[in-house]
Amino acid sequence: MNLIIQERLEPVFETMGLLYVSSHAEKFKTDMIEELNKFGVDGEFFYNRHLKVLDKYIEGFMKHRVIDDSANTFFSEENEGLFSVLLALLSENTGWLAAFDQVSEDDMRDALLRVLLRLEELDDQPAQSASANSIRSLDDIVTFLVGCPVDEKTKWKLMGILQTPRKQLQLLIDTVNTNLPAFEKASAEVVKPLNKLIKAYIQSVHKQEDEQFLKLVGMFAEQPVVYPTLIMPLGQQLFTTQCYYGLYVDVLPISGKTLADSRDFLLLRLKALGDNSKLQILASLKVSPKYNLEIAEQLGLTAATMSHHMNVLLACGLVGIEKKNGKVYYHLNQDNLRQLISDIGQYLL
């Protein structure tokens with residue numbers, strides 16, 4: 001895989017993320033701690049030990065950001081679905097910020113439709129037969145949006161953008177451009193820990209320590225470019241050409257590099273096995289590989305719950321992935337399961 005590893009934060013992605021997070025900073029922190037707890041980590045301890053630099057980053061941005069009520073609709077917590085779509089749109093089209101007046105409305109519409117088609121692929125939805133450039137009329141847009149894997153409120157907002165993209169997106173472009181200097185000032189306030197984190201990230205990606213992420217990049221990204229991200233410190237985001245790797249992903253106990261790490265990694269896997277839904281997923285995959293929605297329907301889980309469980313199982317290395325016939329199939333990672341049994345024996349026998 002011809003992977004391009006960037007050694008800097010991507011300004012548009014970070015600025016968009018900072019605008020969203022800073023609109024509900026306290027809840028963002030609380031939600032992150034809760035997600036860490038669900039993952040099997042002491043969330044508050046982990047955050048206080050590793051992520052205080054994130055607080056300083058967000059606070060630095062908030063001191064300099066410029067945003068009005070109309071622009072804030074893009075970044076409010078209630079519009080998370082819309083924000084996710086627009087984040088992908090601008091991350092894939094960063095050139096718009098310097099020359100938006102030269103972009104035609106058809107090109108804007110097609111770019112947004114490609115993002116939505118991409119969501120279907122990543123969400124294991126049946127691909128729609130229409131291509132982006134064939135959707136023009138209101139009836140075409142409505143028909144297309146019916147099958148998109150986003151909530152109903154987001155569909156209504158996207159319908160408005162798809163009908164008059166320049167009018168809707170100009171405000172977003174102006175807001176991001178206005179706040180790029182605030183991102184630069186915020187990143188300057190954490191430059192020393194940031195440089196250290198980026199150095200560690202470069203080594204990790206070059207050594208291919210996160211095999212699952214790189215495998216997903218190879219499946220979904222076209223001529224992929226990987227950027228580090230601080231505003232999404234524990235996340236991994238895949239777009240068509242841009243991929244983002246959280247600068248604190250490698251701090252999570254998802255490998256056993258040292259004796260202490262091995263113990264934490266063992267506990268993480270045992271906690272996964274101790275959860276009824278995750279154990280049912282593994283039992284289902286023992287029978288045969290399956291795609292996400294297939295398992296969700298079998299076990300009566302929502303797509304969001306299923307995604308959470310699968311992310312944990314992937315991080316633990318208990319399941320693997322492969323792409324076949326346009327869908328992502330999950331299967332048991334039998335080698336890692338045998339290693340888990342061996343690790344238990346090493347500690348207890």
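Leaving aside its neighbours within four places in sequence, which residues is Arg136 in contact with? The first legend below gives the answer. These views come from a predicted model, in which local features need pLDDT of at least 70 and side-chain atom pairs count only at pLDDT 80 or more, while totals for chains, interfaces and linings use all residues. Residues are numbered from 1 along each chain as its sequence is written, and side-chain values use heavy atoms, with hydrogens and water left out.

**View 1**
Arg136 sits in the loop between α8 and α9. Helices (H or I, at least four residues) and strands (E, at least two) are DSSP runs, numbered from the N terminus. Setting aside neighbours within four places in sequence, Arg136 is in contact (heavy atoms within 4.5 Å) with Asp106, Arg109, Asp110 and Ile141. Arg136 and Asp106 are 30 residues apart in sequence, and their C-alpha atoms are 8.4 Å apart in space.

**View 1. Asp110 in helix α8.**
Find Asp110 in helix α8, which covers residues 105-122. Asp110 has 9% relative accessibility, so it counts as buried. Asp110 and Glu222 are 112 residues apart in sequence and 18 Å apart in space, C-alpha to C-alpha.

**View 2. Helices α2 and α3 where they meet.**
Two packed helices are described by the angle between their axes and the distance between the axes. For helix α2 (residues 25-39) and helix α3 (residues 43-50), the axes come within 7 Å and cross at roughly 120°. That makes α2 oblique to α3. Axes are lines fitted to C-alpha atoms, for helices over the stretch in contact, and angles run from 0 to 180 degrees between N-to-C directions. Angles under 35 degrees count as roughly parallel, over 145 as roughly antiparallel, 65 to 115 as roughly perpendicular, and the rest as oblique. On the α2 side, Lys29, Met32, Ile33, Leu36 and Asn37 meet Gly43, Glu44, Phe46 and Tyr47 of α3. The residues of this contact divide into five nonpolar, two polar and two charged. Ala, Val, Leu, Ile, Met, Phe, Trp, Tyr, Cys and Pro count as nonpolar, Asp, Glu, Lys and Arg as charged, and the others, Gly among them, as polar.

**View 3. Helices α9 and α10 where they meet.**
The axes of helix α9 (residues 138-146) and helix α10 (residues 152-163) come within 10 Å and cross at roughly 145°. Leu138, Ile141, Val142, Leu145 and Val146 in α9 meet Lys155, Leu158, Met159, Leu162 and Gln163 in α10. By class, the contact has eight nonpolar residues, one polar and one charged.

**View 4. The four-stranded sheet.**
Four strands form an open sheet with mixed pairing, in the order β1-β2-β4-β3. The edge strands, each pairing on one side only, are β1 and β3 (236-238). Two strands pair if DSSP finds at least two bridges between them. Strand β1 (residues 4-5) pairs with β2 in the parallel sense over two bridges, and Val225 in β2 is the bridge partner of Ile4. β2 also pairs in the parallel sense with strand β4 (residues 242-246), over five bridges. There, Thr229 has Gly246 in β4 as its bridge partner. β3 and β4 pair in the antiparallel sense over three bridges, with Gln236 opposite Tyr245 in β4. Helix α13 lies across β2, β3 and β4, running at about 10° to β3.

Five of the five residues of strand β2 (residues 225-229) are buried, so β2 is largely enclosed by the rest of the structure. In a regular strand the side chains alternate between the two faces of the sheet. Val225, Tyr227 and Thr229 point one way from β2, while Val226 and Pro228 point the other way.

Three strands form an open antiparallel sheet in the order β5-β7-β6. The edge strands are β5 (290-291) and β6 (319-324), each of which pairs on one side only. β6 and strand β7 (residues 327-332) pair in the antiparallel sense over six bridges, and Lys323 stands opposite Val328 in β7. Helix α13 (residues 211-220) packs on this sheet, touching β6 and β7, and its direction makes about 10° with that of β6. Helix α15 (residues 276-287) also packs on the sheet, touching β5, β6 and β7, and its direction makes about 100° with that of β7.

Key. Buried < 20%, exposed > 50% of the residue type's maximum accessible area, 1.4 Å probe, protein only.
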